[in-house]
Amino acid sequence: MSLLGAPALHSPCDDVTDFGPSLARLVEDMFATMYAANGVGLAANQIGVPLRVFVYDCPDDDEVRHLGHLVNPVLVEADGDTVRGPEGCLSLPGIEAGTPRFDRAVVEGRTVAGEPVRITGTGWFARCLQHECDHLDGRVYTDRLTGLRRTRALRAARRAPWARTAAEADPVPRGGAPLRIPGRPAGPRLGEPAPQQVGQAAHQLFSRARPVAQPPVAGRVHHADDAVAPDAGHLLALRAEIDPLHDHLAQLLAEAPEQRGGVAADVETLLGEGAASSDGCIRKR
């Protein structure tokens, strides 16, 4: 099973062009692997095969069982309510996080014989269909998380027993292209220490998003310590800066924590504080 960080999980898969016996064997192997891992869905790149194929055996919210496979699937509709529900992944064993998904999804594709098929799912099965389509586009569910949820999921992944295997399958070669934070200079190359100024930038942004202690003012939202929430427009502008920085720093820490020294702990703390502060202020508005 490919684990978080494996190159196959972070690149779009290729369309299937050969609908011969090898494709049927791949689907059989995927079902066997999924059942052995007690999963409800599995994409081909999760077993290291970069082809647009996934299998599923998943109930919906009414406990109706859905069993099948899709070749070259395309998510053609995703609508209804957006539900933040618990989601896990066989490529991140033991980790779960509340992930937003549409309550209805429609996927079109083909069978192993090349026949067209259209699958409609609701509830839990719709979540499964969207999750597997994400895999084939080179995404995992943690890519849809933001703020503190993403920080916690990546931290749990870094500390998991399988983390060493994931680190050895780093999707970005050490010394390769540097991570970039939107609107800021290029970040450090993986394998090099994170610069102190990155942590300082996070601290400055998060500090600006924290409530400012002031006397109570009529018509404004107050915290228990009589701090006044920042102006809504100012807060949203800050959040636009914080979220990209937060996500990139969290990714940086997850991919190469042993290289970060004391900066890792400081930035990790700031990520949690900043996400909690900005989330709390926005919820109160």
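Keep in mind that the model is predicted.

Let's start with helix α2, residues 123-136. At 1.5 Å a residue, its 14 residues should span 20 Å. The C-alpha atoms at its ends are 21 Å apart, which agrees. Is α2 enclosed or open? Of its 14 residues, 13 are buried, so the rest of the structure largely encloses this helix. Just after α2 comes G138, with a positive phi of about 85°.

Now the aromatic rings. How many aromatic pairs does the structure hold? There are 3. Take F31 and Y35. Their ring centres are 6.1 Å apart and their planes sit at 25°, so this pair is stacked. Stacked here requires planes under 30 degrees apart. Both residues belong to helix α1, residues 21-36. They are 4 residues apart, about one turn of the helix. In general, an α-helix has 3.6 residues a turn, so residues three or four places apart point the same way. F31 is buried, at 18% relative accessible area. Y35 is partly exposed, at 39%.

Next pair: Y56 and F125. This one is tilted, with 5.2 Å from centre to centre and 50° between the planes. It links distant parts of the chain. Y56 is in strand β2, F125 is in helix α2, and 69 residues separate them. Both are buried: Y56 has a relative accessible area of 5%, and F125 has 1%.

Helix α2 comes back in the second largest pocket. That pocket holds about 380 Å³ of space. It is lined by 24 residues, and the closest to its centre are V40, G88, C89, L90 and H131. Which element gives the largest share of the lining? That is α2, with 6 residues. Strand β3 and helix α2 each supply at least two. By type, the lining has 12 nonpolar, 8 polar and 4 charged residues.

Last topic: phi. Most residues other than glycine have a negative phi. E63 has a positive one, near 65°. E63 sits in the loop between β2 and β3. N72 is not a glycine either, and its phi is positive at about 55°. N72 lies in strand β3. N72 is buried, at 18%.

Terms used:
Residues are numbered from 1 along each chain as its sequence is written. This is a predicted model: local features need pLDDT of at least 70, side-chain atom pairs count only at pLDDT 80 or more; totals for chains, interfaces and linings use all residues. Side-chain values use heavy atoms; hydrogens and water are left out. The expected span of a helix is 1.5 Å times one less than its number of residues. Buried means under 20% relative accessible area, exposed over 50%, partly exposed in between (1.4 Å probe, protein chains only). On a 1 Å grid over the protein atoms alone, a cavity is a set of points where a 1.4 Å probe fits but cannot get out, and a pocket is an open set with protein on both sides within 12 Å along at least five of seven lines; lining residues have an atom within 4 Å of a point. Grid points are joined across faces, edges and corners, and a volume is the space filled by probe spheres set on the points. Ala, Val, Leu, Ile, Met, Phe, Trp, Tyr, Cys and Pro count as nonpolar, Asp, Glu, Lys and Arg as charged, and the others, Gly among them, as polar. Rings of Phe, Tyr and Trp (its six-membered ring) pair if their centres lie within 6.5 Å; planes under 30 degrees apart count as stacked, over 60 as edge-to-face and the rest as tilted.
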